[in-house]
Structures are given as structure tokens and as C-alpha cells.
Amino acid sequence: MRTSTRHTVRTVQALCVTVTAALVATGCGRSADSGAGKDAPAEIGSGKATGKVVMWSMGDTDPALVSLAKKFEQQNPDVDVQITAVPWASAHDKLTTAIAGGNTPDMSVVGSTWMAEMAAMNAFQATPTSFKSSDFYPGQWDTTKYKNTSYGVPFIADTTAVYYRTDITAKAGIKGSPASDRDGYLKDLKAIQATAGKQNPKLRYATGMVIGFNSWIFWVPMVWQQGGDIYNAKTKKFTFDTPEVAKALEYYASVPQQSLAPTDKSDNVQAFQDGLIATYQEAAWAGGAFHKDSPKLDGEWKTMPVPYSKQPAGFAGGSDLAVFKEAKNSKAAWKFAQFLTEPANLAAYSKATGVLPPAPAAWSEGKLTEDESKKAFEEQLKVSKAPPAITTWQQIADAIDSELEKLAYGKATVVQAQQALQSKATSIGTGR
């Protein structure tokens, strides 16, 4: 899954498909959970890849991926890689239908929040042992796991950082970046807000805020930053009733309560470019958008890691590469996955597309932090975590979004939101 409040609009339909649809599809084809979490790792044979490899990629046609496929074919003259672009809006349904019918491609790019759901459908081969978890950021590797078994390889990393307008923050007396701790950051937001309409005539709010769809991406890490969690994998119990969750809800609610952010679901990225807000938490794609849409602002915005309370933490999202159980040419597919995740190729793909590579070596190989705006994202990837690997996660995420929206609009208290989350999550359960 891509972390974004603008770009994920294209994925709303796909991401909002509930696990119920997947369960219905499973009943028509592969047996439910027949071995998922217990599979022996696949093997990558020696020698060059041969035969045809059919791959699905998500979104529009991906020239950078096609270019890497051609390079792979040059190194393996007897292989033919065929890549089909699948729109994000229909990707979830297309994948689950193919899995249920036993009519999958050899491999696919899969949104990270879909991995557990589809692994539970017995869709994927377990990851070969030649792929090492230590080669990837821990949070990114965890996006491939279901029941402690990895069913893919990280390909595109995604996380968020804070963008801030230096021309606006400087007028609030902030030297350098805003504070890195939550309390200090909140004080800086108040200082920025005090300049609205005065030192900063165009400014309306100190920061932007995500309300509704995908707000969980920005809130759940606040729980992790408190040293808590929303789910205990050992007991398989939800833990929304903990003090750490209460603290995170209090912080989330404090921003709109103090009129530091708009609550009208406006386009925060555009507002940032227009100088209507001074700070905004977003994924790496926003930097490219700012440069393209408002080049005059180059040099007037910077990025910083997400402020934290007790410990740094962030959301690990993105997309993984998975090879299907029904693959006709799994050996060549895994070889292609291995090729795509080599540090040099991940770095080349990142430079061509602007996405974040999931492997530390790729950052070094491509010297990606020479771009100052990328440094904060590299720091975030080191401390980012994957959401719970449960098949009902999208339903849980929807419940969080709903309760956070009530909280932001003052239609629920922190206590009420916390009780509702624990009750709803327990009712939804963890699936298979």
C-alpha cells in the first residue's frame, strides 16, 4: 500500500474491499488456510532464468520496471518477461479472483496491507531462504509476513515525514526545523499559529491534518511512539484499552481542539504549496509534486522525521513482490524478484520513479541522501513498523478512521473513542 492522502484516492475502491469478499472468493477455489504460515521456503535454482515470466504491476504502465525487465532479459537470453499493468482501483478484486480461480500470473506487485489476507488464501509461495531479512529495513520485511512466515520480498518502501515551510516557520521564531519531540512540536505549532494573518498574512493553520480515510496511518505510530501497540500477536488480543492508546488519542485530538489544523478535509498538499498551512506530514511523493507544481518554492521547504514522544516510530507501507502458488514458472519468477531487489537495481528504480527503496544498501548504492529532502525518510524507514499481519486489518483500519474522525470533530471524547475501538476491534476479530 502506498502511503498518501492524495495518491491513495486511486486505491480507495481496492483498499476498501473487505475481507468478506476474499473469503467468499476463497470458498470457490483454493482451500482456506491450507498450509499458510507452515510452508517450506521455495528454492531458487542455479543457472540462468528461462521461459516466460508473467508479472502484474499495480497502477499505470511502469517504464522503469519495463526497463529493468529488459536488462534481466539481456542477462538471461532465454527468458521472456511479460508485465501487465493493473489499475489500483481494480487490483484487489483482480488478484483475489485470480487466486480463487487458480488462474494467477507467475508473480505480482502486491500492496503491503493485502499480503496477510492473500497469504491466508494460500496464494503465495514462501520466500526462498536466499533472501535475507537483514538486507531490508525490519518494518518493510515484516510487511511480507503472515503467521511468522515470509511470503514475498519488499520492493517499494513507503513511510511519512514532516514537510515544513522554512519561510513561514522562521517568522514564528523557529530556527532550523521544528522540535523533534511531540510536546515541543505542539508548542512550535502554537507559535506558528500565532503568526497567522500577522507575520504570515496568508497562513490559516499551523499544520495540515488527515481526517477520515487513511488517518490510521498517521495515528497508529503515535501509539508505537508511546511504547505501546494496538494488537498483541502472542495473545491475539487487541489492546486499544491501554494508557498508551489513550495518550495517542489525546495528542491527535489536541491539534483540532486548539484550531491548529483545518477539519474540512481540504487538500493539505495544495494548501502547503499555497502557504495556507506551514507543516504537513506526507509520503515522499509530495516532494516531487512540490518541485513540479511549485518550483518557486524550491529551497523554502524541508523535511524532518516525525516528532515522537518516548521513542521514534513510523508506518511501514509500500508494495512487495510475491510469487504465486499457481505460478507456471516460479523458478524464473523468483530469479526476477531477486534481480529487482539487488541494491543497484532498487536504487535505479528509486531514481527513475521517486519511490523509496526498502533496503539500506540501495540507499548507499544510489547515494540517495544526497537529496536533502530524502534524509528524513531514510531515518523514518529505520524505525517504521508494519501494521498487524491479520486478515481483517482493513476492517480494523476503517474502524480507526471512523473513530478518529468523530474525535477530530468533537463528536466523541478520548474515553469514548478508546472504548469504541476496543469493542469494534474485538467484534471484528483477527480472521484466519
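**Exercise 1. Aromatic rings**

Find which residues the ring pairs link into a cluster, then work through two tilted pairs in detail.

*Solution.* 

Step 1. The cluster that the ring pairs build consists of Tyr163, Phe272, Phe290, Trp301 and Phe377. Before going on, bear in mind that this is a predicted model, where local features need pLDDT of at least 70 and side-chain atom pairs count only at pLDDT 80 or more, while totals for chains, interfaces and linings use all residues. Residues are numbered from 1 along each chain as its sequence is written, and side-chain values use heavy atoms, with hydrogens and water left out.

Step 2. Phe72 and Phe336 make one of them, a tilted pair with 4.9 Å from centre to centre and 45 degrees between the planes. This pair ties together distant parts of the chain, since Phe72 belongs to helix α3 (residues 63–75) and Phe336 to helix α13 (residues 330–340), 264 residues apart. (Helices are DSSP runs of H or I with at least four residues, strands are runs of E with at least two, and both are numbered from the N terminus.)

Step 3. Check the burial, where buried means under 20% relative accessible area, exposed over 50% and partly exposed in between (1.4 Å probe, protein chains only). Phe72 has 3%, so Phe72 is buried; Phe336 has 0%, so Phe336 is buried too.

Step 4. Now the second pair: Tyr163 and Trp301 have ring centres 5.6 Å apart and planes at 45 degrees, so this pair is tilted. Here again distant parts of the chain are linked, with Tyr163 in strand β7 (residues 160–165) and Trp301 in strand β12 (residues 301–304), 138 residues apart. Tyr163 comes out buried at 1%, and Trp301 counts as buried at 12%.

**Exercise 2. Helix α10 and its two partners**

Describe how α9 and α10 cross, then do likewise for α10 and α18.

*Solution.* 

Step 1. Axes are lines fitted to C-alpha atoms (for helices, over the stretch in contact), and angles run from 0 to 180 degrees between N-to-C directions. The axes of helix α9 (residues 216–225) and α10 come within 8 Å, crossing at roughly 135 degrees. That makes the two oblique to each other, given that under 35 degrees is roughly parallel, over 145 roughly antiparallel, 65 to 115 roughly perpendicular and the rest oblique.

Step 2. List the contacts (heavy atoms within 4.5 Å). From α9, Trp219, Met222 and Val223 meet Glu244, Val245, Ala248, Leu249, Tyr251 and Tyr252 of α10. Sorted by type, the residues of this contact are eight nonpolar, no polar and one charged.

Step 3. Look at α9 itself. 10 of its 10 residues are buried, so α9 is largely enclosed by the rest of the structure. Among the buried residues are Trp216, Phe218 and Gln225. Gly227 follows α9 and has a positive phi, near 90 degrees.

Step 4. Turn to α10 (residues 243–257) and α18 (residues 414–428), whose axes come within 10 Å and cross at roughly 130 degrees. α10 and α18 are therefore oblique. On the α10 side, Val245, Ala246, Leu249 and Glu250 meet Val414, Ala417, Gln418 and Leu421 of α18. This contact splits into six nonpolar residues, one polar and one charged.

How values were computed: Ala, Val, Leu, Ile, Met, Phe, Trp, Tyr, Cys and Pro count as nonpolar, Asp, Glu, Lys and Arg as charged, and the others, Gly among them, as polar. Rings of Phe, Tyr and Trp (its six-membered ring) pair if their centres lie within 6.5 Å; planes under 30 degrees apart count as stacked, over 60 as edge-to-face and the rest as tilted.
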